[in-house]
Amino acid sequence: MRTLMFLLRKEFRQIFRDPGMLRIILIMPVIQLLVLPRAADYEIKNINIAIEDYDHSVVSQQLTNKIISSGYFKLVGYHNDYNKGYELIERDKADIVLEIPVDFEQKLIRNNSQDLLVAVNAINGTKAIIGNGYLSSILMDYNKEIRMKWLPPTRFNELPTIDIVSSNWYNPNLVYAVFMVPGILVLLLTLIGGNLSAFNIVKEKEIGTIEQINVTPIKKHIFIMGKLIPFIIMGLVVFTLGMIIAVVVYGIIPVGSMLLLYLFALVYLVTLVGFGLLISTYSETQVQAQSLTFFFLIIFNLMSGLFTSIDSMPHWAQIITRFIPLSYFIEVMRMIVLKGSHFHDVAYQFTILIIMGLVLNTWAIINYRKTT
Amino acid sequence: MDKEMVIKADKLTKRFGDFTAVDAVSFDVAKGEIFGFLGANGAGKTTAMRMLCGLSKPTSGEASVAGFDVFRYPEKIKKNIGYMSQKFSLYEDLTIKENIEFYGGIYGLTNKQIKDKGTELIDMLDLQAEANKLVRGLPLGWKQKLAFSVAIIHEPKIVFLDEPTGGVDPANRKQFWELIYETADKGITIFVTTHYLDEAEYCDRVSIMVDGKISALDTPSGLKKTYNAKDMNEVFFQLARNATRSGD
């Protein structure tokens, strides 16, 4: 235990003496939490629309106004030539072309129905689908308005409609940040735990100090613990900073227990630091360690459920996510912060993370060789 | 038995794939001796030394250091030896005092021992003014002396020095050897590799390695007599002339 104390004292001295390290620990969480939830928003705005109005009637004018005033669309072209609209799509200036045919108003009144053409640029799939959805709902809405106006009010509505009223639980206003912030907090811990730790032992290999350690009678598990603990403490500091930002800036006050959150953060950090240390026992240089962690962290991030829902992944991908510690912690963070889940709700994830942590750290200790 | 042997090597061999870095070397080193290990670059000096330190597992042969078998008890050997590698291996971002404290602590010295040893060491090296400065800023000659002192902070039975004076100027090399003599006087056995042939004269006995094998082992005067040479340079060139391995 005394040896461990000397190791820790040395590690912390080195950390506090490295201005780059301190900046990473203090500034990274602030920047990421302030920028990412605001910038990486799922809500699609500024969809460029070109309207080809062959009708030039009052109705077509009203419809155009309604689309533009919705706030989602930006009018980039207004002509009466479909080819011009198509050209705008070709030049990537427009995302959607709406064609309003000749005699739109008249036919609408006379025939009680009229077709509109919507052409969507599907290169940016999300934007296309969502833009199309917005436009459709605006058109439906407009359709209803016209009916209300033109059809005489009857006692019984001739067309029964089902009105769906949905209520969004746990995030009533569908605020994007509420969904994102807990996830980004996990991302931060991943970077601190998995990335910084991976470089640590390798750095000692590169400068040669590891030889001097290996020739001492130090026990392998003590050495690994001496590397593990500083990163866990740093991770918890970052987590605390992140929680403060979540509360102060976004007003996200965890519904569930703070103690449970910290317990999970601790277990998660042990797992991730173990992962980082394992990588550093396999790498000889910092470049190698960097490439390896980059490879894994990209997969971890994109498959963790942070940005895309795991439930909508194909089955084989869902199996892969089962091996990604990030996916468990993100799930749990959202459950505890937004729903206020209790320990028994998340006991499964807790057990899995503990097992992963044990495996990774034991592996790192075994693979760290004092004698080659 | 007139002398106690602290290092015994018998046909010690290390192979890396097809390459035999150290080829069945046998030698004994007596307690308190300054044992020089000479050889060109790539001759296998460092590999042999790393096996004796428990850093590298021998492929075959036998060896014991401080009474412990290198195969079975590398960690027990590590308690009894000091080691100074070719690369400077103190922490450059720690101060002199912090390095002493760290290595003292790792070797299990008590706080009082660390404090006393630290003061003694700093006084001996005349580093009082630098004690609280980062090691990074020290000149190379001082760094090497400091590294040596830290390597023997736990008063080991044997200290292994791997080209300790590489790149150091003559004046500092001389001071370094004075340190080595002081240490040997305390009964600590010195095992030192070098490619400075004048330094070979300072050793009690010298072994010369060529292509992974020991081609000569005797006192410097004995070697000069055998090879009818006026100095160690001549001895070395006669032996190394037939080397097939190029330097690295």
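**Close-up views of a predicted model**

**View 1. Two domains are assigned in chain A.** The assignment gives domain 1 of chain A as 2–40 + 172–367 and domain 2 of chain A as 47–150. The C-alpha centres of domain 1 and domain 2 of chain A lie 48 Å apart. The model shown here, as in every view, is predicted.

**View 2. An open sheet in chain A is built from 4 strands.** The strand order is 2-1-3-4, and the pairing is mixed. Strand 2 (73–79) and strand 4 (117–120) of chain A are the edge strands. Each of these two pairs on one side only. From one strand to the next, the twist averages 20 degrees.

**View 3. Strand 1 and strand 2 of chain A pair in the parallel sense.** Strand 1 of chain A covers residues 47–53. Its pairing with strand 2 of chain A runs over 6 bridges. Which residue of strand 2 is the bridge partner of A:Ala50? The partner is A:Gly77.

**View 4. B:Asn99 lies in helix 3 of chain B.** This helix spans residues 96–106. Is B:Asn99 buried or exposed? The relative accessible area of B:Asn99 is 0%, so the residue counts as buried, the cut-off being under 20%.

**View 5. B:Asn99 has contacts beyond its sequence neighbours.** Residues up to four places away in sequence are not counted here.

Terms used:
Residues numbered from 1 in each chain as written. Chains lettered and ligands numbered in written order. Predicted model: local features only at pLDDT ≥ 70, side-chain atom pairs only at ≥ 80, totals over all residues. Heavy atoms only, no water. Pairing = 2+ DSSP bridges. Axes fitted to C-alpha atoms, helices over the stretch in contact; angles between N-to-C directions. Domains from an automatic or database assignment. Buried < 20%, exposed > 50% of the residue type's maximum accessible area, 1.4 Å probe, protein only. Contact = heavy atoms within 4.5 Å.
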